[in-house]
Amino acid sequence: MFANKKYSAGKALLVLGLCLAITLGGFMALTPAAAHASGQAVEKAADAGNKLIDGNSRPSDPDFDWGIAIYTLIIRFVGIFIVLGVIQVIMQVSGRIFTNIDAKKKAQASK
Amino acid sequence: MSWHDFIDVLMQILTTQTGLFALDIKMVAMWAIGFFFIYLAVAKKYEPLLLLPIGFGIVAVNFPHVPLMGFNEAGHRHLFEIFYHYGVEWEVIPCVIFLGLGAMTDFGPLIANPRTMVIGAGAQLGVFITFLGVLFFDFSLREAASVGIIGGADGPTTIYLTAKLAPDLLGANALAAYSYMAMVPLIQPPIVRLFTTKKQRLIRMKQLRPVSKLEKTMFPLSVFMVISILIPAVTPLMGMLMLGNFMRESGVVDRLSETAQNSLMNIVTIFLGISVGATMSGDKFLSAKPLMIFGFGLLDFMICTMGGVLTVHIMNLFLKDKINPIIGAAGVSAVPMAARVAQVTGQQEDKQNFLLMHAIGPNLAGVIGSAAAAGMFIAMFG
């Protein structure tokens, strides 16, 4: 199908994305073991988070941990790049699709 | 009844029912601060929509016995306390302002050049550096986060985050954010010149492609879904921003869109300004912290500007079509002021170089980036 010139790269990516979403969604919904495992992971992470970060703590507190403050900050800063990067990729893919659709419409109109 | 009794009654009235004998120096100092911001708004036209009601709110709550903030004897809230409680504490006003902003915003330039999205992330550098810097002055983690977000240059986001994490700093943070947003034309150009060469400032960028109506309509929905999955903590803000934009772009609810960007926006702006000003009583505000917040806020803003410019430099190492680093400064989300400053700075080098539309892209990415940073902080400490 993708060898055919009628199908643009953008459309191929869209199909791939949909397939991925359906597969992942199906996996999460239909595999209780996976759901249970991910739930446990989430609980563990939440517990760890509660222990590590107390928003009211100050550097003058005896148990204040600079390491954790700095690590979590770096992770969050990188996180912003990831979030905006994901949006950027989605926009680039959808941009290609829409550009192709517009180009086709123009080509049809000129015929 | 003797004269003595008469004087007693008179003095009792004067001390308990007028403010004459209860004035103190802190209140007078707060009047000066309030009038200073009113002056900035009226005479200098610096963010007048916000600074005027904030300034008035500051002056108004710094009189003795005025029933504006706090509770009456029956336990009912006073007028400004109602505005503050239901508007800011309940997080209604910042979110409604984002609804209006969404309805006013054309994301076309960002959609046409998605690469500029990353600049909005890089321009959050100051937020995190300031967070660490403030910690050295023994601010709590929550307070440090709320001070750090000032550099994101997004008023509603700053207010939203501060009201959640450090409500005591709300007045100082909001004032710092709006003051520095108004001073973008003074703060940013020297930093841009410092971190760019003349040759880099002369870079001309390709004209942006046209963006179809359908693409603009799909944008808010897709961004809303991605943000809601990745940073659920900021969904109230981003959800409203994207709802406003969806109303605008769908074209089927023009009445709602117009209301959101005009009447509704104006109404909540009045309440927001008064509420923020009303939190600034002399007892709370006159301490070292607000001064430090103003100092760190400025530093934060400068580092964010630098972060945006440096991000463009890094991107240019990998790109065939180079980006003019001046538009990196627009990565802070003072919309559209920072984009206009980029345009003016670019035209000082080359009168035929039109950077405005290119700069709107990182400018809007900065709005999403600062909201994302706020979401990260809320997820950490909220």
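Figure 1. In α10(B), the buried residues are Gly155(B), Pro156(B), Thr157(B), Thr158(B), Ile159(B), Tyr160(B), Leu161(B), Thr162(B), Ala163(B) and Leu165(B). That makes 10 of the 11 residues in α10(B), so this helix counts as mostly covered. Keep in mind, here and in the other views, that the model is a predicted one.

**Figure 2. Helix α10 of chain B packed against helix α21 of chain B.** Helix α10(B) covers residues 155–165, and its axis lies 10 Å from that of α21(B), at an angle of about 5°. Angles under 35 degrees count as roughly parallel, and α10(B) and α21(B) are therefore roughly parallel to each other. On the α10(B) side, the contact is made by Thr157(B), Tyr160(B), Leu161(B), Lys164(B) and Leu165(B). On the α21(B) side, look for Ser370(B), Ala371(B), Ala374(B), Phe377(B), Ile378(B) and Phe381(B). Sorted by class, the residues of this contact come out as eight nonpolar, two polar and one charged.

**Figure 3. The largest nonpolar core, with residues from chains A and B.** This core holds 117 residues, and the ones that touch the most other members are Ile87(A), Ile368(B) and Phe377(B). Helix α21 of chain B (residues 356–381) gives the most to the core, with 15 residues. Domain 1 (1–67) and domain 2 (78–381) of chain B both give residues to it, so the core lies between them. Apart from this core lies another one, of seven residues, including Val61(B), Phe80(B), Ile274(B) and Ala278(B). As a bit of background, nonpolar side chains in soluble globular proteins tend to be buried together.

**Figure 4. Zooming in on Ile368(B) and what it touches.** Residues up to four places away in sequence are not counted here. From chain A, Ile368(B) touches Leu84(A) and Ile87(A). From chain B, Ile368(B) touches Phe107(B), Leu110(B), Met117(B), Phe219(B), Ile227(B), Met238(B) and Met242(B).

**Figure 5. Ala365(B), a buried residue of helix α21.** Ala365(B) is found in helix α21 of chain B, and its relative accessible area is 0%, so it counts as buried. Not counting residues up to four places away in sequence, Ala365(B) touches Leu84(A), Leu110(B), Thr116(B), Met117(B) and Gly120(B). Ala121(B) is 244 residues from Ala365(B) along the chain, yet their C-alpha atoms are separated by 7.5 Å.

**Figure 6. Gln124(B), in a loop between two helices.** Gln124(B) is found in the loop between α7 (117–122) and α8 (125–135) of chain B. Is Gln124(B) buried or exposed? Its relative accessibility is 0%, so Gln124(B) counts as buried. Leaving aside neighbours within four places in sequence, Gln124(B) is in contact with Phe77(A) and Ile80(A) from chain A. From chain B, the residues in contact with Gln124(B) are Gly152(B), Cys304(B), Gly331(B), Gly366(B), Gly369(B), Ser370(B) and Ala373(B).

**Figure 7. Helix α9 of chain B and what covers it.** Helix α9(B) runs over residues 141–148, and eight of its eight residues are buried. They are Leu141(B), Arg142(B), Glu143(B), Ala144(B), Ala145(B), Ser146(B), Val147(B) and Gly148(B). What covers these buried residues includes α3 (66–110) of chain A, along with α8, α10, α11, α19 (288–318) and α21 of chain B.

**Figure 8. Helices α11 and α12 of chain B where they cross.** The axes of α11(B) (residues 170–182) and α12(B) (residues 184–194) come within 5 Å and cross at roughly 65°. The two helices, α11(B) and α12(B), are therefore roughly perpendicular to each other. Tyr180(B), Met181(B) and Ala182(B) of α11(B) make the contact with Val184(B), Pro185(B) and Ile187(B) of α12(B). By class, this contact has six nonpolar residues, no polar ones and no charged ones.

**Figure 9. Ser250(B), a partly exposed residue in helix α15.** Ser250(B) lies in helix α15 of chain B, which spans residues 235–250. With a relative accessible area of 23%, Ser250(B) is partly exposed. Ser250(B) and Lys216(B) sit 34 residues apart in sequence, and 8.5 Å apart in space, C-alpha to C-alpha.

**Figure 10. The two domains of chain B.** Chain B is divided into domain 1 (1–67) and domain 2 (78–381). Taken over C-alpha atoms, the domain centres are 34 Å apart. The contact takes 18 residues from domain 1 of chain B and 24 residues from domain 2 of chain B.

Terms used
Residues numbered from 1 in each chain as written. Chains lettered and ligands numbered in written order. Predicted model: local features only at pLDDT ≥ 70, side-chain atom pairs only at ≥ 80, totals over all residues. Heavy atoms only, no water. Core = buried A, V, L, I, M, F, W, Y, C linked by side-chain atoms within 4.5 Å. Buried < 20%, exposed > 50% of the residue type's maximum accessible area, 1.4 Å probe, protein only. Helix = DSSP H or I, 4+ residues; strand = E, 2+ residues; numbered from the N terminus. Domains from an automatic or database assignment. Contact = heavy atoms within 4.5 Å. Axes fitted to C-alpha atoms, helices over the stretch in contact; angles between N-to-C directions. Parallel < 35°, antiparallel > 145°, perpendicular 65-115°, else oblique. Nonpolar A, V, L, I, M, F, W, Y, C, P; charged D, E, K, R; others polar.
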